[in-house]
Structure formats: structure tokens, C-alpha cells
Amino acid sequence: MCKSVFSCPVCGGALEYDDRTYRCTKNHCFDRAKSGYVNLLTSDRMHSKLPGDNKLMVRARRDFLNKGYYSGLAHKLCSLADKYCEKNFRIIDAGCGEGYYTEQIASALAEKDVSVGGIDISKNAVDFATKSGKNGVEYAAASVFHIPSEDNSADILLSVFSPLCTEEFKRVLKKDGFFFMVIPDRKHLWELKSIIYENPYENQVKDYSLDGFELVEAVDVPAEIIKLESHEDIANLFTMTPYYYNTKPEDRQKLDNIDTLETTIEFKILIYKNKGEN
Ligand SMILES: [Zn+2]
């Protein structure tokens with residue numbers, strides 16, 4: 001049996017795993033899916049309000065990201081993770097999707113003997129992540145609102161375009177542990193929004209303060225113009241955005257006949273330290 005980065009969602013105890021199952025000392029047992037991820041969503045938490053991305057959305061995001069459009073962000077995240085990471089750190093990617101950033105970070109930090117866990121409420125997402133993963137990351141279906149990790153156990157916690165639950169993040173992080181959050185900057189996807197909306201507005205960059213956390217640095221990932229050269233890529237990008245959920249069909253149709261798009265991408269990576277206060 002191997003020691004897991006995750007803990008038992010029923011009793012909170014440490015988990016160990018083999019090829020087939022995860023098990024805690026109290027004998028709560030969780031089967032691994034065929035691909036290898038473990039489902040740690042307990043039945044009372046399955047009916048979360050979070051929709052969990054369906055297969056189509058997961059595939060759209062994977063296809064888009066695998067073309068490297070957001071590789072600048074991934075590189076910057078890796079170099080920052082390396083800057084803050086020490087040997088044997090435990091890292092949790094809260095809302096890891098299909099593991100695009102998780103895998104690159106695990107690979108960049110491989111020499112530091114880190115243990116990396118990725119969780120996502122979407123089983124489709126962690127299924128993809130496990131199938132394509134090659135960096136020893138453990139993946140679990142779990143909610144970022146109920147992270148299957150012991151108190152004060154993680155050294156770095158990541159949230160890349162994923163729902164925030166700062167109370168839960170504080171619980172899981174060690175005192176002085178780091179929380180990395182990625183947010184879209186002002187002009188992110190401006191040209192895409194200009195096609196869809198009559199009066200697009202820039203993303204609001206608000207005050208960065210987070211209760212119980214100290215902002216260590218706010219790093220700009222320099223703006224880039226990406227060139228999308230097929231309708232499929234444009235549709236995949238749109239599917240990844242929050243606009244996918246709240247755009248009227250007549251506005252959405254404006255993308256139907258577009259085969260090329262040049263649009264700005266612009267991000268900020270915010271790095272916080274957990275003050276360890278309750
Ligand atoms: Zn247990």
C-alpha cells in the first residue's frame with residue numbers, strides 16, 4: 001500500500017492505496033475507477049450546487065489547452081511554483097480540471113520529491129486527467145468545498161479558474177502555506193467579448209485582500225494576442241469561459257460563422273500566505 005496525499009472523506013483519517021482501492025485505518029474503502037482516479041465524493045455531498053463539467057466541456061477545454069494557447073500562463077505558474085516550493089512539499093490543485101496545469105507543475109517540481117494531488121468535482125475531468133497524467137499525480141473526484149485533506153497538511157494550494165472556498169483552503173493549508181490563485185486580467189478575451197456583446201466591459205480587477213491570508217505578490221502574466229485559426233478552437237474557448245453559461249442564444253450565434261479570431265489573453269497570478277489564524 002502507498003500513502004495517499006488525500007484523507008478519508010468520512011472520518012478524516014489518512015488513506016493508503018493500492019491498484020484497486022483507497023482505504024483508511026477505520027476501513028472506509030473507496031474504489032478506484034478503471035482509469036485510476038478515486039471517487040471521494042460522499043453521497044451526502046454528491047448533490048452539490050456545483051454542476052461539474054460534463055464530458056463535452058472537459059473535452060473542449062482539453063483540446064483548446066493542448067494546443068498551447070495558454071502555455072505562457074502554464075510556464076509562469078511552473079516557475080512561481082518552483083520559486084516557492086521546497087523539498088517534499090505537498091501540493092493540492094483544487095479544481096484541477098483535466099490536469100493541464102497540475103501535470104506541468106508536477107513535472108517542473110519532480111526533483112523536489114513533491115507529492116501532488118488534484119481534485120475536481122467533475123468525474124469526467126479527473127478521468128481525463130488520470131488517463132493522460134504521467135507525473136505521479138493522484139487524482140480524486142471531490143469538491144473544493146470539502147477537500148479530502150487533513151487540517152494543516154498542504155504546503156501549496158492552487159486554484160486556477162476554479163471556485164474559491166477560502167475557509168476550506170485555510171483549513172487544509174499549513175500555517176505559512178502558499179495559496180496560488182489565477183484570475184483573468186482587464187483585457188482578457190476582449191475581442192471575443194466584443195463579438196458577442198454589444199457593450200462588452202473589461203474584467204474588474206478588485207481589491208486582492210482575502211480574509212486570513214497575506215498577499216505575498218501579484219504577478220502579471222504579460223498580455224498576449226492568440227490567433228485561433230478554426231471555428232472549433234473558437235467554440236472550445238467559448239465553452240471554457242463563464243460566458244458559456246450566461247450568454248443568450250442569439251448572442252452565442254454570432255460566433256457560428258467565425259473561423260478565425262485574434263484575441264487578447266491576460267492573467268494575474270496572486271500568491272498568498274496563510275496567516276494561520278481562525
Ligand atoms: Zn475513514
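Two strands count as paired if DSSP finds at least two bridges between them, and strands (E, at least two residues) and helices (H or I, at least four) are DSSP runs numbered from the N terminus. Keep that in mind for the tour below.

Two notes before you start clicking. This is a predicted model, in which local features need pLDDT of at least 70 and side-chain atom pairs count only at pLDDT 80 or more, while totals for chains, interfaces and linings use all residues. Residues are numbered from 1 along each chain as its sequence is written.

**The whole protein**

Start zoomed out. You are looking at nine helices and 12 strands. The radius of gyration, taken over C-alpha atoms, is 19 Å, close to the 19 Å that the globule rule (2.2 Å times the number of residues to the power 0.38) gives for 278 residues, so the protein is as compact as a globular protein of that length. Along the principal axes, its C-alpha atoms fill a box of roughly 55 × 40 × 35 Å.

Now select residues 154-160 and 173-184. These are strand 9 and strand 10, which pair in the parallel sense over six bridges. Pick Ala-154 and you will find its bridge partner, Leu-173, in strand 10.

Contact here means C-beta atoms, placed from the backbone, within 7 Å.

Colour by burial next: a residue is buried if 20 or more other C-beta atoms lie within 10 Å of its own, exposed if 12 or fewer, and partly exposed in between, with C-beta atoms placed from the backbone. Buried residues make up 38% of the 278.

A nonpolar core is a set of buried Ala, Val, Leu, Ile, Met, Phe, Trp, Tyr and Cys residues joined through C-beta atoms within 7 Å. The largest one here has 71 residues, and Ala-140, Ile-156, Leu-157 and Phe-179 touch the most other members. Centre on Ala-140: leaving out residues up to four places away in sequence, Ala-140 touches Phe-6, Tyr-37, Val-38, Leu-40, Gly-117, Ile-119, Val-126 and Pro-148.

Move on to helix 3 (100-108), where Tyr-100, Tyr-101, Thr-102, Glu-103, Ile-105 and Ala-106 are buried. Their cover includes helix 1 (55-66), helix 2, strand 6 (90-94), strand 7, helix 4 and strand 9.

**Two aspartates**

Follow the loop between helix 3 and strand 7 to Asp-113. Although not a glycine, Asp-113 has a positive phi of about 50°, and with 9 C-beta neighbours inside 10 Å it counts as exposed. Asp-176, in strand 10, has a positive phi of about 70° and counts as exposed with 11 such neighbours.

Finish with the antiparallel open sheet of four strands, in the order 1-2-3-4. Strand 1 (2-7) and strand 4 (29-31) are its edges. Select 14-17 and 21-24: strand 2 and strand 3 are joined by three bridges, and Glu-16 stands opposite Arg-23 in strand 3.

Technical notes. Two residues are in contact if their C-beta atoms, placed from the backbone, lie within 7 Å.
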